[in-house]
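Please read it with the model open.

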Amino acid sequence: MKVVLFCGGYGMRMRNGSSDDVPKPMAMVGPRPLIWHVMRYYAHFGHTEFILCLGYGAHHIKDFFLNYEETTSNDFVLRGGRTELLSTDIASWTITFVQTGIESPIGERLRRVRPYLDGDEMFLANYADVLTDAPLPEMIDRFARRDAGASMMVVPPQSSFHCVELGEDGLVGGITPVSELPLWENGGYFVLRQEVFDLIPEGGDLVADGCARLAKQGRLVAHQHRGFWKPTDTVKERAALDEAYARGDRPWAVWERDGAGVRTA
């Protein structure tokens with residue numbers, strides 16, 4: 001299945017300064033940017049056809065792949081001054097780079113890459129800035145068996161704040177961590193059918209327009225995931241993932257595990 005990645009936003013909370021035009025998916029986690037980790041996740045499950053919805057700072061993403069250094073994350077032999085790779089990351093990938101506008105909302109970016117899906121009934125989509133260990137094959141299989149237009153992975157609220165119950169007299173009736181409330185939030189991993197395009201207006205949004213309308217029709221499926229899921233909306237969140245990578249604590253790197261689910265590297 002083809003994978004559409006939205007990687008054209010400003011990512012203001014990840015900016016290091018006014019002159020920093022690096023898009024959020026290019027923020028580094030270990031030796032590679034976020035978008036690489038997301039793509040390796042999909043490639044591990046056999047989905048290696050990517051469509052990148054470019055926008056702000058697109059040249060950073062293009063340059064990264066046009067000048068990709070396989071030796072950064074693969075073993076190799078240097079023989080007679082020539083590099084012989086023992087393994088590769090992206091040799092089997094097909095990546096389509098599409099400029100979808102600087103200010104375009106997510107839904108409009110999706111609309112603009114529709115021709116590159118080649119009419120495939122089902123495809124995958126992602127914000128390219130969230131890492132997870134979710135069981136993608138299970139998510140796809142469950143959706144394929146349903147009469148639905150879209151599947152959205154949902155996760156428990158990630159906030160560390162508390163909700164406070166107030167009575168009319170201003171007295172607190174209870175305090176509950178947000179993470180313990182019976183709520184779910186959008187996890188950013190989608191399985192979609194072509195019909196979603198009919199529900200997104202020009203300049204519209206994938207979730208607020210497409211998914212919301214499918215929900216009203218009873219045709220939006222939620223895949224609940226309580227495992228590892230980490231967003232990278234802020235510098236702090238990106239730094240935490242980078243530190244975890246350095247410790248060898250990277251559950252999202254499903255490609256590093258053997259058949260028994262044990263990390264081998």
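Which residue forms a salt bridge with Lys2? The points below start there.

1. Basis of the note. This is a predicted model, where local features need pLDDT of at least 70, side-chain atom pairs count only at pLDDT 80 or more, and totals for chains, interfaces and linings use all residues. Residues are numbered from 1 along each chain as its sequence is written, and side-chain values use heavy atoms, with hydrogens and water left out.

2. Lys2 and its partner. The partner is Asp118: the closest N and O atoms of Lys2 and Asp118 are 3.6 Å apart. A salt bridge here is a side-chain nitrogen of Lys or Arg within 4 Å of a carboxyl oxygen of Asp or Glu. The pair links distant parts of the chain, 116 residues apart. Lys2 sits in strand 1 (residues 2-7), while Asp118 lies in the loop between helix 3 (106-112) and strand 8 (122-126). Helices (H or I, at least four residues) and strands (E, at least two) are DSSP runs, numbered from the N terminus.

3. Burial of that pair. The classes are buried under 20% relative accessible area, exposed over 50%, and partly exposed in between (1.4 Å probe, protein chains only).

4. Salt bridges in total. The count comes to 16. Two further examples follow.

5. Asp242 and Arg238. Their salt bridge has its closest N and O atoms 3.4 Å apart. Both residues are in helix 6 (residues 235-247). They are 4 residues apart, so about one helical turn separates them. Asp242 is partly exposed, with a relative accessible area of 26%.

6. Asp249 and Arg247. These side chains also meet in a salt bridge, at 3.5 Å from N to O. Asp249 is partly exposed at 39% relative accessibility. Arg247 is exposed, at 58%. As for shared partners, salt bridges join Lys2, Glu49, Asp118 and Asp120 into one network.

7. Cysteines. How many disulfides does a search of the whole structure find? The search finds 0. A disulfide is a covalent bond between the sulfur atoms of two cysteines; the cut-off used is a pair of cysteine sulfur atoms within 2.5 Å. For Cys7, the closest cysteine sulfur is in Cys53, 6.6 Å away, and therefore too far for a bond. Cys53 is likewise in no disulfide, its nearest cysteine sulfur being that of Cys7. Cys7 is buried at 1% relative accessibility, and Cys53 is buried at 0% relative accessible area.
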